[in-house]
Amino acid sequence: MPQRHSKNNNDLAYFTYDEKKKLGYGTQKERLGKDSIKPFDACSLCLKPFIDPMCCHKGHVFCRECILECFLAQKKDIQRRLAAHDSQKNQDKDEEEEKLMLQKARELDEFDQQNHATPGASVRVQDPETHTVCPEGKEKLKLKNLFAIRFTEDNSEEEKKTTSSSSSYDRSYIFPSCKVTLTNTMSLVALSSCGHVFCKKCGEKFMPVDKVCLVCDKPCKDRNLVGLKKGGTGFAEHDDHLEAKEYKHLGSGSGLGLVRPVKT
């Protein structure tokens with residue numbers, strides 16, 4: 001009579017995938033779903049439908065209020081770091097003067113060697129950066145480099161009837177040229193000169209030839225075309241970075257084996 005599986009569980013000469021995952025050691029991997037990826041019409045900071053959207057030259061879109069608050073917080077943090085760095089410089093100067101005084105006194109030399117040649121005695125404050133960065137792309141970004149973008153809302157009669165009592169979460173946008181409804185699967189481009197948003201196909205086909213915006217006829221150049229970041233669909237062929245990784249140095253019994261890894 002065969003033995004029960006419950007008594008022979010985990011008695012193999014090798015680890016199965018499920019056993020490695022429960023062990024809680026090494027690099028944990030998990031594929032992200034659609035609910036973990038931001039849609040195209042959401043702010044990169046608050047993750048809500050954007051209000052008065054602004055875009056950087058890397059295609060990251062933010063609410064105007066969110067990015068201004070982010071820049072203000074970064075400015076305050078830079079001032080705090082500069083103050084801490086200046087304080088450390090003054091402290092280093094005082095310590096240097098004290099060290100010179102101690103070196104002149106032979107009777108305090110041994111005390112100086114034992115108490116002031118100790119490695120790692122204090123935490124050093126690095127020279128802080130004085131520029132603000134994009135909270136999404138982490139590259140240098142100034143407020144003057146941001147530009148407002150304009151999405152064309154779908155104001156058709158049928159749309160008004162179906163969404164008359166809906167909120168801003170149900171708003172839909174269309175391309176002003178081909179009148180196609182925007183979805184997360186489409187590649188979008190924006191003109192930094194006027195802010196109008198088009199599909200990538202129309203933008204690369206007409207605007208480099210005509211050198212004008214298809215909506216407001218404002219002159220534009222090739223460098224004014226900025227590709228916006230796509231929204232997430234959850235399909236591997238469409239989205240990048242769908243795998244989250246997290247390294248854990250704790251082994252079995254830590255209780256971390258079943259923790260879901262965060263996106264990096």
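Buried means under 20% relative accessible area, exposed means over 50%, and partly exposed is anything in between (1.4 Å probe, protein chains only). This is a predicted model, where local features need pLDDT of at least 70, side-chain atom pairs count only at pLDDT 80 or more, and totals for chains, interfaces and linings use all residues. Residues are numbered from 1 along each chain as its sequence is written, and side-chain values use heavy atoms, with hydrogens and water left out.

View 1. Helices (H or I, at least four residues) and strands (E, at least two) are DSSP runs, numbered from the N terminus. Of the 264 residues, 31% count as buried. The protein exposes about 18,800 Å², and carbon and sulfur atoms supply 51% of that; such accessible areas come from the Shrake-Rupley method with a 1.4 Å probe, and for residues only the protein chains shown count as cover. Now take the contacts (heavy atoms within 4.5 Å) with a separation of 6 or more: residues 24 or more positions apart account for 57% of them.

**View 2. Three strands make an open sheet in the order 3-2-4, with antiparallel pairing.** At the edges sit strand 3 (61-63) and strand 4 (147-148), each pairing on one side only. Helix 2 (residues 64-104) packs on the sheet and touches strand 2, strand 3 and strand 4. The direction of helix 2 makes about 90° with that of strand 3; axes are lines fitted to C-alpha atoms, for helices over the stretch in contact, and angles run from 0 to 180 degrees between N-to-C directions. Strand 2 (residues 53-55) pairs with strand 4 in the antiparallel sense over two bridges, and two strands pair if DSSP finds at least two bridges between them. If you look for Cys55, its bridge partner in strand 4 is Phe147.

**View 3. Asp77, Arg80 and Arg81 are linked in a network of salt bridges.** A salt bridge is a side-chain nitrogen of Lys or Arg within 4 Å of a carboxyl oxygen of Asp or Glu, and the structure holds three. Arg80 bonds this way with Asp77, the closest N and O atoms being 2.7 Å apart. Being three residues apart in helix 2, these two are separated by about one helical turn. Asp77 also meets Arg81 in a salt bridge (2.7 Å, N to O); this pair is four residues apart in helix 2, again about one helical turn. Asp77 is partly exposed at 26% relative accessibility, and Arg81 counts as partly exposed at 41%.

**View 4. Asp222 and Lys211 meet in a salt bridge (3.4 Å, N to O).** Both lie in the loop between helix 5 and strand 9, so the pair ties together parts that are eleven residues apart in sequence. Asp222 is partly exposed, with a relative accessible area of 48%, and so is Lys211, at 37%.

**View 5. Phe206, Leu214 and Val215 make a nonpolar surface patch of about 220 Å².** Patches are made of residues with over 30% relative accessible area and no salt bridge: like charges are joined within 9 Å, nonpolar side chains (Val, Leu, Ile, Met, Phe, Trp, Tyr) within 5 Å. Val215 sits in the loop between helix 5 and strand 9 and is partly exposed at 40%.

**View 6. Asp217 has a positive phi, near 60°, though it isn't a glycine.** Look for Asp217 in the loop between helix 5 (200-210) and strand 9 (225-227). At 55% relative accessibility, Asp217 counts as exposed.
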